[in-house]
Amino acid sequence: MLAREPDNGLRMSFLKRDIFDAFAGASFLVLDCCHAGLYADADRRNVKVLQSYAEAVDRPRHNALLACPSGSVTRESAEHGHGTLTHHVLRALRGGAGDEAGRVSFAQMATFVAEQGMDPPPVHTAHVYGATTVLTQPPMSRHDRQALSSPANPGISRPCLNPLEDQTSSIRQLLDRIFRADVRSPHQSQQSERDGRVELIRQALDAESAAVVEFTGSSFGVVNRTARFDKDSLSPMLETAAVDRVKHPRATPGFVVSHGVGRRMLCVPLSFASDRTLTLAVVDPALAQLDMGEPLAVMLRAVWESDPVADPLQSEMTVLTALRTSFGRLPLKLYDDAFGLYQQLVGSMIMVFQPVVELDQRATGVSVQSFEALARRNDRELRAPWSALRMAHDWGDRFVVERDAILLAKAIHSYAEADAASGWQGTKPLSVNVAVRSLLSDAYLNQVSKALSEAGLHPRTLTLEISEQDPITPEPGERWPQEPLVYFHNRLTTLARELRISFAVDDFGVGYASLARMAELPLTQIKVDRAILHHPMALEELALVARVARYASDQGQTGQPRTVIVEGFDDDAPVSLYEIFRLGIHHVQGYFSGAVASTTLHELDPAVQERIASLVRGET
């Protein structure tokens with residue numbers, strides 16, 4: 001036919017000139033005819049009709065599927081009315097060769113055809129570029145088509161999809177309803193703290209009622225409740241909840257009990273004690289809230305454990321941290337919200353200063369040697385806000401470094417002001433706590449230099465205390481050029497030289513405490529945790545610390561031994577000041593001095609000096 005009517009055919013010269021050479025993408029040739037494999041022969045000089053395409057397919061963007069090798073004939077199918085190869089190609093493209101999403105690439109199509117047992121077998125020529133090009137796929141939504149056709153933006157990166165991504169909007173809305181919207185009832189302020197919290201949760205979930213129920217075995221009792229919580233009418237659901245609690249007491253952060261048409265009760269276990277479980281029961285909450293599932297239960301338990309009315313800032317951060325620890329990580333929007341919220345939380349803290357007392361047998365020799373800066377939520381608190389400070393470690397280095405940078409700046413600026421108002425001659429040393437990870441951050445160290453410069457304090461005034469509760473180890477996937485202790489030693493040595501500040505080990509005796517860590521790091525002070533004072537071998541341990549502190553000077557490596565400071569000493573300590581002083585430890589920190597940590601700096605009262613001196617002399 002083509003010999004008589006050549007214009008009825010498609011010339012290869014046309015394909016090469018107007019298609020293959022002009023088209024920048026991948027091309028695919030499927031030949032279902034006898035002798036189709038001639039094109040794939042190494043010597044194609046005698047195959048004029050295929051020569052043009054053969055040159056083109058030598059480039060990586062062209063691929064071919066041929067019905068048979070050279071010298072062979074193809075098979076026709078009377079049933080299908082065309083070639084057998086064409087039949088299997090159509091089957092493949094209609095989904096027979098599809099992946100889990102129904103997409104069919106050229107390589108998948110060719111592999112599918114080759115597996116159909118054709119005789120002679122087809123010839124497949126495919127290249128890496130183009131072979132994976134999708135030829136057919138199931139119908140797509142307009143949104144999906146737009147996403148595929150949108151041009152790539154090399155300037156944007158996105159994290160992998162988070163399991164909570166679909167819940168982001170619901171989580172943020174619930175946070176707003178609890179912590180920012182005015183959902184409190186007029187009489188809520190007159191209720192007890194716990195009762196008010198139940199009502200707050202009910203209103204935030206737009207629920208019919210709510211209560212805290214104590215389950216004991218298969219029985220239950222209502223501890224506190226909102227106005228419309230009817231124990232009698234809700235008994236069937238409460239009985240079902242009691243049975244489920246016995247079967248799976250701690251298997252899930254919450255569960256939903258259904259009864260009748262459209263009635264639901266969300267149950268969130270709050271605490272466990274022996275065979276008793278305290279459970280938050282929320283009756284018929286809004287379905288949009290209930291659809292959140294486990295994240296909702298985690299959030300409600302965190303709300304209950306915090307104080308959303310009196311301290312909404314820390315309570316909201318507690319809720320986000322509970323999500324973080326329960327689900328591993330949060331969607332980027334919630335993570336950014338948490339970072340900004342944590343900055344506010346740490347920024348709301350104040351710094352107070354606790355004196356380190358130098359001991360002496362003479363009253364005139366008892367004095368304030370230095371001060372330690374301590375964080376407080378307000379000037380009425382006597383204890384550090386540990387839960388707020390430790391949240392940073394649940395979020396990672398960015399939060400830890402930001403926490404330490406904010407508190408350092410506060411400590412230095414506040415101390416400079418307090419020192420100027422004290423009227424003393426000279427400035428006593430100041431110590432500030434720091435995490436190991438912060439000392440590995442250049443951003444934190446820049447903050448150290450900046451704060452000292454702005455406050456006008458000499459760097460030698462500052463000592464950074466490294467908590468023994470922080471491991472000196474690289475993070476997973478992080479590589480340090482030397483062994484951890486060697487690397488950190490070199491890091492501190494460089495910082496001490498460049499910044500002209502000092503370093504101390506804090507909380508020795510807890511966490512990751514070790515003699516190697518205490519002995520090998522370039523420290524000027526060793527602060528012993530109060531836990532050692534209550535240890536049965538307290539004196540032996542203190543003596544060992546004192547020997548380690550003197551080791552470098554005893555070897556002639558330094559002029560002065562490291563200062564040892566016993567922290568947390570008070571009148572209830574089983575070890576006396578007389579015993580501590582005899583061990584060669586002359587510095588103690590604690591409330592025994594009568595000087596409560598304060599935003600101002602004060603010398604010791606003469607009566608306090610005399611009392612301490614008498615205790616050092618062993619007089620009772």
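Predicted model: local features only at pLDDT ≥ 70, side-chain atom pairs only at ≥ 80, totals over all residues.
**Exercise 1.** Describe how helix α14 and helix α15 pack, and name the residues that make the contact.

*Solution.* Helix α14 (residues 386-395) and helix α15 (residues 397-422) pack at an angle of about 145°, and their axes are 6 Å apart. From α14 the contact takes Leu 389, Ala 392, His 393 and Trp 395, while α15 contributes Asp 397, Phe 399, Val 400, Arg 403 and Leu 407. Sorted by class, six of these residues are nonpolar, one is polar and two are charged.

**Exercise 2.** Find the salt-bridge partner of Asp 397, and explain which parts of the chain the pair ties together.

*Solution.* The side chain of Asp 397 meets that of Arg 437 in a salt bridge, at 2.8 Å from N to O. Because Asp 397 lies in helix α15 and Arg 437 in helix α16 (residues 436-439), the pair ties together parts that are 40 residues apart in sequence. Asp 397 is partly exposed, at 31% relative accessible area, whereas Arg 437 is buried, at 14%.

**Exercise 3.** Decide whether Glu 465 is buried or exposed, and name its partner in a salt bridge.

*Solution.* Glu 465 has a relative accessible area of 0% and is therefore buried. Its partner is Lys 527, with the closest N and O atoms 2.7 Å apart, and Lys 527 also counts as buried, at 0%.

Technical notes:
Residues numbered from 1 in each chain as written. Heavy atoms only, no water. Axes fitted to C-alpha atoms, helices over the stretch in contact; angles between N-to-C directions. Helix = DSSP H or I, 4+ residues; strand = E, 2+ residues; numbered from the N terminus. Contact = heavy atoms within 4.5 Å. Nonpolar A, V, L, I, M, F, W, Y, C, P; charged D, E, K, R; others polar. Salt bridge = Lys/Arg side-chain N within 4 Å of Asp/Glu carboxyl O. Buried < 20%, exposed > 50% of the residue type's maximum accessible area, 1.4 Å probe, protein only.
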